[in-house]
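Biologist: I am new to this model and would like to learn how to read it. Could you take me through some of its features, one at a time?

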Amino acid sequence: LTDTYTLSNGVEIPIVGFGTWQTPDGDVAKASVEAAINAGYRHIDTAAAYGNEESVGAGIKASGIKRDDLFLTTKLWNADHGYDNAMKAIDTSLTKLGVDYVDLYLIHWPNPVQYRDNWQSVNAETWRAMEDILKAGKARAIGVSNFREHHLDELYKTATVKPMVNQIFLNPSDAQPELVAYNKAHGMLNEAYSPLGTGKIFAVPELQKMAKRFDKSVAQIVLRWSLQHDFLPLPKSVHADRIQQNTELFDFELSHQDMQVIDAQAGLAGEYTDPDTATF
Ligand code: A2P
């Protein structure tokens, strides 16, 4: 879990992150983050919108890990787009998390409902703030989440620093090969949120068969698939045994044929939220 990918600005990022979307705020978030760090995760992913930044910060503190030994990501919420709002939002997140900097700061969605008519100019201003946040050292790397090709094409018209990451809904049910290739071609790491299809992939018979053959769980098979595609999976769990299990990915390898079988599971589970029609 201490293996890293290198982002386009040279920052190293541990190849599996601990996801906290849908992890309830309070003791659950605190305990699961602490358990994850104790299990060896060195990369924690949260967001202002998850409403659990304070508990995530408390879990990090409780683990006793040194701040610099941890890679921490948070995200800018839709209500905070625009230059001034974004500059304030990062400070709020840092205060809640109880840290001086995050390792990665992402624009959470490209297209908040209140900016449907002018998202292009609003994103340009928000991105200008992201660049200043990077310059100020409040984030070591910056990027986006849920952006599609047309949102990025637009951003590149004014950006002076290119995003280093695009974090997207990415699992065998929704492998998004075109967007993945686009991100790669533009120097962005593909981070996979909901790498387990929010839990909906476990019932897929082909995956169950493969898991049996490897004496692994379906979760482990799918996380391994993610790594072998050079994605950075962010599995979420609130159970210590699963948190641990999701780290045990390095003692087996899927063949080319296994990868193809998993690639063919498109559409079987999980739902991709189209940013252009999302109602938030
Ligand atoms: P829980 O948090 O109760 O353990 P994703 O990361 O794709 O969003 O999926 C998370 C979902 O998968 C959650 O419902 C989580 O449940 C469940 N989950 C995570 N890891 C495992 C695992 N190793 N085995 C079974 N379920 C898992």
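Predicted model: local features only at pLDDT ≥ 70, side-chain atom pairs only at ≥ 80, totals over all residues.

Biologist: Where is H108 found?

Modeller: H108 is in a loop, the one between β6 (102–107) and α4 (119–135). The UniProt record, an unreviewed entry, places the feature "binding site" at H108. Such annotations may be inferred rather than shown by experiment.

Biologist: Which residues is H108 in contact with, leaving aside its neighbours within four places in sequence?

Modeller: Its contacts are A47, A49, K75, L76, W77, N78, S145 and N146. One of these, S145, also has a bridge partner in β8, namely Q167.

Biologist: How do the strands β7 and β8 run, parallel or antiparallel?

Modeller: Strand β7 (residues 139–145) and β8 run parallel, and two bridges join them.

Biologist: Which residue does UniProt list for "active site"?

Modeller: That is Y50, again from an unreviewed entry. Y50 sits in the loop between β4 (43–45) and α2 (53–63). Y50 is buried, having 22 other C-beta atoms within 10 Å. Not counting residues up to four places away in sequence, Y50 touches T20 and W21.

Biologist: Now the ligand, please. How many residues surround the ligand, and which are the closest?

Modeller: There are 17 residues around the ligand, and the closest are S194, L196, G199, A219 and S237.

Biologist: Let us step back to the whole protein. How many helices and strands are there?

Modeller: The protein has ten helices and ten strands. Its radius of gyration is 18 Å, close to the 19 Å that the globule rule gives for 280 residues, so the protein is as compact as a globular protein of that length. The C-alpha trace spans about 55 × 40 × 35 Å along its principal axes.

Biologist: And what share of the 280 residues is buried?

Modeller: Buried residues make up 46% of them. As for contacts between residues at least 6 apart in sequence, 75% join residues at least 24 apart.

How values were computed: Residues numbered from 1 in each chain as written. Near = placed C-beta within 6 Å. Helix = DSSP H or I, 4+ residues; strand = E, 2+ residues; numbered from the N terminus. Rg over C-alpha atoms; globule rule 2.2 N^0.38 Å. Buried ≥ 20, exposed ≤ 12 C-beta atoms within 10 Å, placed from the backbone. Contact = placed C-beta atoms within 7 Å. Pairing = 2+ DSSP bridges.
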